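This report concerns aromatic side chains and the charged groups that accompany them. The sequence and the structure are shown first.

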Amino acid sequence: MPGYTVIYFCCFLLPFVPTCIAFNDGNSEKQERSDSHVFDHLTEVRDVIFVIRSQKNSYHTHRAEQRRTELLHEAQILNQSSPDVVLLHKLSDYDGNWSVLPALPRLVSRYCQTSSWIVFLEEETNVNLNNLLQVLSKFTTRKEWFLGRPLNDDEPTIIHHYAFSENPYSFSYPDFMAGWALSCPLAKRIAERVNYEPPKSDFTIDLQHEIAMYIWEEGRGPALTAVNEFCSEPQSSFSTGDCATTVNTYSSACGKPVQKEDIFVAVKTCQRFHGDRVPLVKQTWEKDAASLEYYSDITDPYIPTIHLGVPNTERGHCAKTFAILRRFASGAVTQAPWLLIVDDDTLISLPRLRRLLSCYDPKEAVSVGERYGYGLLRDGYSYITGGGGIVFSRVAVQNILAGGCGCRSSDAPDDMVLGMCLTTLGIPVTHSPLFHQARPHDYVKELLARQNPISFHKHWNINPVAIYQHWLAEPRQKRPHLLTKTREEL
């Protein structure tokens with residue numbers, strides 16, 4: 001696959017760990033906002049461009065279209081002109097537009113000549129248009145504004161490259177599901193800057209944090225301005241009367257869950273972890289799988305494991321993963337429409353996954369999990385990070401193998417190689433926030449609180465059984481007496 005570069009990525013080796021503190025005492029901001037109350041211009045619908053971070057998969061496209069229809073209806077109720085609503089996956093053919101920065105120059109050139117604000121929404125974001133327009137009217141559009149509901153890390157986290165390690169709470173970044181906004185003066189400057197100064201890391205992991213870091217520009221740019229009316233409460237909450245936005249609690253079910261037999265589970269392991277990680281899989285989530293195989297570098301009849309003829313590698317595991325794809329596609333082991341590939345230190349709820357997959361059509365080429373990106377400002381690619389689990393429809397697996405995709409080396413990073421392949425073949429890489437590459441405490445608690453998570457990854461410094469019981473087990477499966485001890489090995 002020419003034109004792509006494969007890089008091994010270890011978050012904990014990244015050199016960029018800011019030591020400066022993003023702090024805003026609020027005095028200048030309060031002055032700007034108090035001045036804005038006497039503006040002679042109130043924000044109207046025509047002053048705002050709405051951008052929904054939509055996805056190409058048919059289920060997600062439908063959800064984004066629903067949001068667009070609701071916005072148009074709200075404008076009609078207010079007797080205002082129909083707003084411009086951009087579905088980000090339709091902005092251009094480039095698959096990396098979901099990471100915002102690649103899309104910003106096009107958005108600015110098309111809309112910031114006549115509009116004052118770009119408001120970004122998720123599929124889950126509800127908008128009270130009247131309240132939103134009132135909120136935006138408080139800010140002068142001649143200045144650079146970065147507005148949103150702030151999130152803060154309680155402790156340094158690997159998914160943010162341990163940024164602000166001395167005081168992680170000092171830096172605020174927007175809760176994307178509550179919506180966030182850029183004034184056009186700021187959007188224009190950022191759109192120009194991305195052409196000559198890309199982000200320091202080629203990897204896109206947690207976009208909401210990385211966007212805030214890029215805009216803040218180590219103190220040279222604006223910090224996030226907290227707007228209380230960007231709300232994270234559900235629309236049905238009694239406390240949302242003043243909210244400009246609310247959040248649909250992320251639903252992981254669209255109907256009857258898929259059958260147990262419809263998911264074939266492939267667990268990647270090796271002899272080193274047969275007595276360590278594999279027993280934890282058996283103790284926690286294996287019982288919920290109707291069809292599961294362990295793939296190792298030896299055949300162990302007691303687990304049992306299957307040796308695919310691929311030697312173990314310390315990293316990457318590309319050859320092993322493609323051997324799994326071929327075994328699944330052959331139909332000799334299973335005819336299941338769905339394939340789940342996980343690591344032996346992945347903790348996962350298969351009942352929740354079955355509910356999630358009810359939203360997707362197995363007759364389509366589907367890949368779903370936690371989406372990362374590599375080199376997205378220079379025609380890079382998206383990929384499903386492997387630790388949280390990767391789900392493929394059988395159609396997707398067949399297309400991958402028929403498309404001539406393969407490994408340059410047996411230890412190439414399998415998830416990234418698959419991402420390059422999917423991009424080349426035009427198969428959407430579909431993101432679900434319910435999959436997690438890291439441990440629960442690596443994420444902001446309030447984000448997890450509105451989820452029914454599907455997966456977490458890594459056993460480092462945690463008790464995996466306790467994590468499974470607390471976060472992933474169905475109520476009838478919880479067994480408090482197992483919540484003991486912690487693990488320090490990876």
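The model is predicted. In total, 15 aromatic pairs are present in the structure. One of them joins Phe 139 and Trp 145, whose ring centres lie 4.8 Å apart with 70° between the planes, an edge-to-face arrangement. Phe 139 has a relative accessibility of 1% and therefore counts as buried, since the limit for buried is under 20% relative accessible area. Trp 145, with a relative accessible area of 5%, is buried.

The rings of Phe 146 and Trp 180 have planes at 80° and centres 6.1 Å apart, so this pair is edge-to-face. Phe 146 belongs to strand S5 (residues 146-148) and Trp 180 to strand S8 (residues 180-183); the pair therefore ties together parts that are 34 residues apart in sequence. Phe 146 and Trp 180 are both buried.

Arg 193 is placed over the face of Tyr 214, and Arg 277 over the face of Phe 273. The table lists the distance to the ring centre for each.

| Arginine | Ring | Distance to ring centre |
|---|---|---|
| Arg 193 | Tyr 214 | 3.7 Å |
| Arg 277 | Phe 273 | 3.6 Å |

Note on methods:
Residues numbered from 1 in each chain as written. Heavy atoms only, no water. Phe/Tyr/Trp six-rings, centres within 6.5 Å; stacked < 30°, edge-to-face > 60°. Buried < 20%, exposed > 50% of the residue type's maximum accessible area, 1.4 Å probe, protein only. Helix = DSSP H or I, 4+ residues; strand = E, 2+ residues; numbered from the N terminus. Lys NZ or Arg CZ within 6 Å of the ring centre and 35° of its normal.
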